Amino acid sequence: MENLYRNRSFSLLFVLSTHILAVSSLYHRFSPIDNYLIDCGSSDKVTVDVNNREFTGDSVKSDSLFLCGTRTISVRDSNPDPSLSPIYHTARVFTRPSKYEFEIRDKGTHAVRFHFHHLNSANYDAGDALFHVSVNGFLVLSNFTGYDSENPRIKEYLIWVDAEKVVIRFIPSTRSKFAFVNAIEVISAPKDLIADTAQFVNGDSVENFDGLTKQALEVMYRVNVGGPKVTPFNDSLWRIWIPDEEFLKFSEGSSSVYTTGRIRYHKGGASREVCPDNVYNSARVISSSNATVPNYNITWGFDVVEGHKYLVRMHFCDIASIAIGLLYFNVYVDGHLVYTDLDLTSITGGLSSPFYADFVVNGGSSGVLTVSVGPSNNSFTYAVDAILNGVEIMKLNNSMGSLDGEVSVEQVLKNWPRVNIGVLVALFASVCLLLTASVLMHRRRVGAKNSVAWSPLPMDIKKGDLKLNNQFSCGKVECS
């Protein structure tokens, strides 16, 4: 149990150790083939956070033009908050449907992140922001406001891409509304990030759910169980993991544990890209300190909406046991038993070696999805009897290809208000009539000006003089 801490506050040694782990992990930093970081509304290149990630302004003149649209406006905050990242100091505003296009070199799953912050502009009222967003035909946001008076909002999606481009559309809900975005990330994901098969929990039965990679996924929750917030600096995919306290439904008798030891990733198992060290080196556990095994579970609850399936990813790493073969516990998803007598070391081959499990469940009418861990019939006394290190909850698209409501991209585009065709035809006909009348009036004026009045011909005129007079009567003059 050396290097293990069982208290609710980090010691200085632990903080220093995790910092060392973070610095060392930089040498293993994932380098995506497709890596588009766009500072919307900006004409500059800015470097953000301690990872020195460079965002390029979408107004920068270059060979790669991402923005395709008309009536887009660049907005800059006249009084930016210095504590915010510079990507939130500018925004791109759309008053009609517009799109970004990104050429793809590495087909497969891509992480797409949108950054939004309260729009501070004299020309645009934040209350008029109402819009839809689509990614490659999936509707990811519907009637979205992007509004948060204090904190930036980050919406993250995992999208399967087998086309040559990622196409992102911003569509105002009506002509009186507008869309906006502060920054966009399009990043090719590691090949092992999303497995194609998960376990579908359907009542008391558990069966295979295939084709997961082809689904559009929205990241709803990413939780570091028993540990502090994990920032993008400590995650090779620049993710944020939040503490679990606000999601705990029942935790009596549980405790948080931390280790400064090395996390032992094994081939075919979880990788740093799947989940970072700083999630696996903390956990929440149930332990028995006497001759009785506890008779309770730890339960977390997450708000969800009905009508969608959800991917539940649970991260495990036995950093608490003193030897292999001592930890057996049960795992529950949405109240259903999905693992009985789970023995992590039989799967990973040793302690401090990570493992994750994927489950798909239906979002129920209760509006809350729960996960639990607790002792099993094979749990030992004087030992750790349950553990959980991290949880991720992701929403799957519905049958309409939407992650936000019962509407498709096609319906949104079809319903975008257009000028009535009958009005256009009437207007065109009116213009044609006006032009015709104008031409006729012009011809009459020109004819009256250039013509010669007719007069009776004298009966005694000679034949040669008749020819000359006829030439003048037709208004035609021949010059020699």
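## The largest cavity

The largest cavity has a volume of about 110 Å³. The model is a predicted one, in which local features need pLDDT of at least 70 and side-chain atom pairs count only at pLDDT 80 or more, while totals for chains, interfaces and linings use all residues. Residues are numbered from 1 along each chain as its sequence is written, and side-chain values use heavy atoms, with hydrogens and water left out.

The structure holds three cavities of 30 Å³ or more. A cavity is a set of points, on a 1 Å grid over the protein atoms alone, where a 1.4 Å probe fits but cannot get out, and lining residues have an atom within 4 Å of a point. A volume is the space filled by probe spheres set on the points, which are joined across faces, edges and corners.

Lining the largest cavity are 18 residues, and Ala-111, Glu-156, Leu-158, Leu-193 and Leu-237 lie nearest its centre. Strands S9 (108–116), S12 (153–161), S15 (183–188) and S30 (390–396) are the elements that give two or more residues to this lining. Strands are DSSP runs (E, at least two residues), numbered from the N terminus. The lining of the largest cavity has eleven nonpolar, one polar and six charged residues. Here Ala, Val, Leu, Ile, Met, Phe, Trp, Tyr, Cys and Pro count as nonpolar, Asp, Glu, Lys and Arg as charged, and the others, Gly among them, as polar.

## The largest pocket

The largest pocket holds about 1100 Å³ of space. Its lining has 35 residues, with Pro-152, Arg-153, Ile-154, Lys-229 and Ile-240 the closest to its centre. A pocket is an open set of points with protein on both sides within 12 Å along at least five of seven lines.

S4 (53–57), S9, S12 and S18 (217–224) each supply at least two residues of the pocket lining. The largest share, five residues, comes from S18. By class, the lining of the largest pocket has 17 nonpolar, five polar and 13 charged residues.

## A five-strand sheet

Five strands form an open sheet in the order S20-S23-S28-S25-S26, with antiparallel pairing. Strands S20 (248–250) and S26 (336–342) stand at the edges with a single partner strand each, so one side of each has no neighbour in the sheet. From one strand to the next the twist averages 20°. Two strands pair if DSSP finds at least two bridges between them.

Strand S28 (residues 368–375) pairs with S23 (residues 298–303) over six bridges. Ile-298 stands opposite Val-373 in S28, and Thr-299 has Ser-372 as its bridge partner. Six of the eight residues of S28 are buried, meaning under 20% relative accessible area.

S25 (residues 329–333) and S26 pair over four bridges, including one between Val-333 and His-336. These two strands form a hairpin with two residues between them, and Asp-334 in the turn has a positive phi of about 55°.

## Aromatic rings

The structure holds 27 aromatic pairs. Rings of Phe, Tyr and Trp (its six-membered ring) pair if their centres lie within 6.5 Å; planes under 30 degrees apart count as stacked, over 60 as edge-to-face and the rest as tilted.

Phe-116 lies in S9 and Phe-131 in S10 (residues 131–135), so the pair ties together parts that are 15 residues apart in sequence. Phe-116 is buried at a relative accessible area of 0%, and Phe-131 is buried at 0% relative accessibility.

Conventions: Axes fitted to C-alpha atoms, helices over the stretch in contact; angles between N-to-C directions. Buried < 20%, exposed > 50% of the residue type's maximum accessible area, 1.4 Å probe, protein only.
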